[in-house]
Protein chains: 2
Amino acid sequence: MARWHSERMGQQAAPQSEAVVGAPRDTRQRRAVLGALGEMESFRSAQVIHGSIVRSGQRIGLATVYRTLKLLADAGEVDVVRDAAGEQLFRRCEASRHHHHLVCVSCGTAVEVESAPMERWADQVGREHGFSAVRHSVEVFGVCPGCTRRAAGQAG
Amino acid sequence: MARWHSERMGQQAAPQSEAVVGAPRDTRQRRAVLGALGEMESFRSAQVIHGSIVRSGQRIGLATVYRTLKLLADAGEVDVVRDAAGEQLFRRCEASRHHHHLVCVSCGTAVEVESAPMERWADQVGREHGFSAVRHSVEVFGVCPGCTRRAAGQAG
DNA sequence: ATGGGTGCAAATAATTTGCAGGTAA
DNA sequence: TTACCTGCAAATTATTTGCACCCAT
C-alpha cells in the first residue's frame with residue numbers, strides 16, 4: 001500500500017521540553033556500525049554492513065544494524081539512497097547540509113556533487129505548479145572513470 | 001543485496017533472429033490492467049491497481065497484475081517510480097521521450113514537468129567527474145494546490 | 001493443438017517488531 | 001537501579017515463482 005500520508009514531510013528537531021527522551025548510548029555494537037561506516041567510501045546495504053562487522057570478528061545482530069542505521073539516518077548522520085531493486089544503501093554523511101551523489105553503478109563509489117542548480121530547478125518546478133512542501137529525490141548514476149577504463153580494456 | 005551490475009544500463013531491442021518469442025496475447029486481464037491504467041492520472045501501486053480492478057467486478061490475480069505491469073514497464077509503456085517506502089508506483093507513460101514528474105504526496109496526482117535544466121545539470125555533473133553512461137533518477141514531491149488548500153482549511 | 005497466460009499458494013527477501021535478558025550511565 | 005539496547009526468532013510486506021489448468025491464436 002502506498003503511504004503518501006505517513007511520509008515525513010520534512011524533519012524539524014523534536015521540540016523536547018525536557019529532553020528526557022534518552023541520549024544514544026555508547027555500546028559496542030553501535031561503535032561497530034559507526035566503525036564500518038567509517039571505513040566505507042561508498043554506499044552499502046545493511047546486510048553487507050552487518051556481514052563486514054561479523055566477518056571482522058565482532059558479534060552483532062542484523063536487527064541491531066538495521067535499528068542503528070535507521071537511527072543514524074533519522075539523525076541525518078548517514079545518507080540513504082535506494083538502488084534499482086528498491087533496497088536501501090547507506091553511507092556516512094559527509095556534510096550535514098542537504099546534498100546529492102553521483103554513484104558508480106559498477107563499483108559503488110559515490111562522490112558528493114554540487115547540486116544548487118538542480119535544487120533551484122526543483123523548487124521552481126514546484127512553485128510553478130503551486131505545490132508546497134516541495135522535496136525531491138535525486139540520484140545520478142554512471143560508470144566512474146576507473147571502471148570505464150577497465151571495461152574498455154576488457155571488451156572492445 | 002545490492003545489484004548495481006544487473007541494472008539495465010540502457011535498453012537496446014533484443015536481436016531476435018526469428019522473432020518467435022511470442023507477441024503479448026490479448027487477454028481479459030491484460031485489458032483490465034490497461035483499462036485501470038487508462039483511468040488513472042497519477043501513480044498507483046500494483047496492489048491499489050489490483051484492488052480497483054477487483055472492485056470493478058472483474059476477477060484477476062495480484063500476481064497477474066504484477067506480471068503485466070512488469071511487462072508494460074519493460075516495454076516502456078508505463079513509468080515506474082518508488083515512493084519513500086521503496087514501493088513501486090506505476091502510471092501509463094504519456095510520452096515515449098524521457099521525462100520526470102512532480103507528484104503530490106497527499107493525493108498522488110502527478111504532473112509531467114519541464115526537466116531540461118535538470119537534465120543538463122545531471123549530464124554536466126557526470127561529465128565533470130569523468131563518468132560515462134550517466135543516468136539519473138529524479139522525482140519531485142510536494143503538496144498540490146488543492147491539497148494545500150484543503151489542509152489549510154482543516155488544521156490551523 | 002499448443003504455448004503463453006492465469007490463479008493460487010508457497011517462496012523470497014528486505015526490513016521490522018515482540019520479548020526476555022543485558023548493560024551503560 | 002533503570003531505561004535503553006540487543007539478539008533471536010517470528011512477523012510483516014512487497015514482489016516473485018512453481019505448477020496445474022485455461023484459452024487466444
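Let me begin with a term: buried area is the accessible area, taken with a 1.4 Å probe, that two parts lose on being put together, summed over both. What I am showing is a predicted model, and for the pair of chains in it the area buried between chain B and chain A is about 4,500 Å², with carbon and sulfur atoms giving 67% of that figure.

I will stay with this interface for a while. The contact takes 50 residues from chain B and 50 residues from chain A. Between chain B and chain A the count of salt bridges is zero, whereas eleven residue pairs across the two chains are in polar contact, counting pairs with both residues at pLDDT 80 or more. On the side of chain B that touches chain A, the elements that give two or more residues are strand S4 (100-104), strand S5 (110-113), helix H4 (116-128), strand S6 (132-143) and helix H5 (145-154) of chain B. Of these, S6(B) gives the most, with twelve residues. Taken by residue type, that side of chain B divides into 27 nonpolar, 15 polar and eight charged residues.

How do the two S6 strands pair? Strand S6 of chain A, residues 132-143, and S6(B) pair in the antiparallel sense over nine bridges, and within that pairing the bridge partner of His136(A) in S6(B) is Val140(B).

This brings me to Ala122(A), which lies in helix H4 of chain A, residues 116-128. Is Ala122(A) buried or exposed? Its relative accessible area is 0%, and because the cut-off for buried is under 20%, Ala122(A) counts as buried. Ala122(A) and His136(A) are 14 residues apart in sequence, and their C-alpha atoms are 7.0 Å apart in space.

Let me turn now to the sheet in chain B. Three strands form an open sheet in the order S1-S3-S2, with antiparallel pairing. Strand S1 (44-45) and S2 of chain B stand at the edges, each with a single partner strand, and therefore one side of each is left without a neighbour in the sheet. Two bridges join S1(B) to S3(B), and here Ser45(B) stands opposite Leu89(B) in S3(B). On the other pairing, five bridges join S2(B), residues 78-82, to S3(B), residues 88-92, with Arg82(B) opposite Gln88(B). S2(B) and S3(B) form a hairpin with five residues between them, and in the turn Gly86(B) has a positive phi of about 85 degrees.

Finally, the charged pairs. Side chains of opposite charge can pair when their charged atoms come close. How many salt bridges are there over all chains? The count comes to two. In chain A, Arg31(A) forms a salt bridge with Asp26(A), the closest N and O atoms being 2.6 Å apart; in chain B, Asp26(B) forms a salt bridge with Arg31(B), and there the closest N and O atoms are 2.6 Å apart. As for accessibility, Asp26(A) counts as exposed at 62%, while Arg31(A), at 47%, counts as partly exposed. In chain B, Asp26(B) is exposed at 62% relative accessibility, and Arg31(B) is partly exposed, with a relative accessible area of 46%.

Terms used:
Residues numbered from 1 in each chain as written. Chains lettered and ligands numbered in written order. Predicted model: local features only at pLDDT ≥ 70, side-chain atom pairs only at ≥ 80, totals over all residues. Heavy atoms only, no water. Salt bridge = Lys/Arg side-chain N within 4 Å of Asp/Glu carboxyl O. Buried < 20%, exposed > 50% of the residue type's maximum accessible area, 1.4 Å probe, protein only. Pairing = 2+ DSSP bridges. Helix = DSSP H or I, 4+ residues; strand = E, 2+ residues; numbered from the N terminus. Contact = heavy atoms within 4.5 Å. Polar contact = N/O pair within 3.5 Å; in protein donor to acceptor, adjacent residues only side chain to side chain. Nonpolar A, V, L, I, M, F, W, Y, C, P; charged D, E, K, R; others polar.
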